[in-house]
Amino acid sequence: MADMARSHDKFQFTVDGAPHGTNDETIDGSQIRETAGLTPASDFVLIQIDGGIAFSIGIERDVTFERGKVSTFLSFRSDRIYNFTVNERGWEWGAPAILAADIFRHGGIDDGLELILDSAGDTPVAPDGEVRLDGEGVERIRSREPKTVTIKVNGRSRTVEKKPHSYREIAKIAYPDADFENFNYTITYLHGVHGAEGDLVEGETIQVRKGMVFNVRRSDKS
């Protein structure tokens with residue numbers, strides 16, 4: 001059974017989220033697997049997450065811990081390591097696919113950005129999607145500012161360009177037949193840049209961001 005971390009252990013690490021500890025500053029990949037109950041060691045690929053990179057730890061490879069820092073490892077029952085790049089930095093993984101959420105989390109990538117695959121041209125990876133790593137060649141993944149964002153207008157999701165939008169543009173998303181001569185449009189918003197909320201009025205523009213919420217109400221001028 002795996003030994004869980006004890007408060008007096010000098011060095012702490014996690015494997016698949018479970019805490020473990022050791023008093024040895026340096027141990028090898030086989031010992032980490034054994035501590036986490038991953039036996040036989042040769043049946044598992046061990047990946048360390050550090051500095052925004054995921055890389056494999058072989059059975060005989062030494063890992064040196066730092067006091068006060070919890071090292072992070074993930075395990076995969078596999079006999080193959082998959083290589084790819086994230087923003088031109090080499091990554092390794094123990095499964096034929098990786099979730100976009102894992103790339104964001106382990107790569108320290110701002111969730112306001114989007115992921116692009118070189119092999120897929122300009123098509124973004126869905127935030128809840130995955131990237132296959134078992135194709136030909138090395139998959140190259142990069143992050144960038146998105147060209148579009150998804151906002152909600154009157155409770156419905158809408159994909160719009162990531163740019164400043166005017167009062168009238170937002171009103172027309174809610175009411176495509178907007179008639180500014182005969183109707184007033186009251187626009188309020190939530191979850192703006194830096195969490196801003198407020199009113200958008202005639203003559204103003206606002207920078208939209210992912211997850212922003214608009215409520216637009218129309219009333220007769222007469």
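Over the face of which ring does Arg168 lie, and at what distance from the ring centre?

Analyst: Arg168 is placed over the face of Phe180, 4.3 Å from the ring centre; such a charge counts if NZ of Lys or CZ of Arg is within 6 Å of the ring centre and within 35 degrees of the ring normal. A second case is Arg218, which lies over the face of Phe183 at 4.8 Å from the ring centre. The model is predicted, so local features need pLDDT of at least 70 and side-chain atom pairs pLDDT 80 or more, while totals for chains, interfaces and linings use all residues. Residues are numbered from 1 along each chain as its sequence is written, and side-chain values use heavy atoms, without hydrogens or water.

Phe13 and Phe65 are stacked because their centres lie 5.3 Å apart with planes at 10 degrees. Phe13 belongs to strand E1 (residues 11–15), whereas Phe65, 52 residues away, sits in the loop between strands E6 (62–64) and E7 (70–77) (strands are DSSP runs of E, at least two residues). Both Phe13 and Phe65 are buried, meaning under 20% relative accessible area. Together with Phe11 and Phe73, Phe13 and Phe65 form a cluster linked by ring pairs.

Tyr189 and Phe214 make a tilted pair, with 6.2 Å between centres and 50 degrees between planes. Because Tyr189 is in strand E17 (residues 183–190) and Phe214 in strand E20 (residues 213–220), this pair ties together parts 25 residues apart in sequence. Tyr189 is buried at 14% relative accessibility, and Phe214 is buried at 0%.

Conventions:
Phe/Tyr/Trp six-rings, centres within 6.5 Å; stacked < 30°, edge-to-face > 60°. Helix = DSSP H or I, 4+ residues; strand = E, 2+ residues; numbered from the N terminus. Buried < 20%, exposed > 50% of the residue type's maximum accessible area, 1.4 Å probe, protein only.
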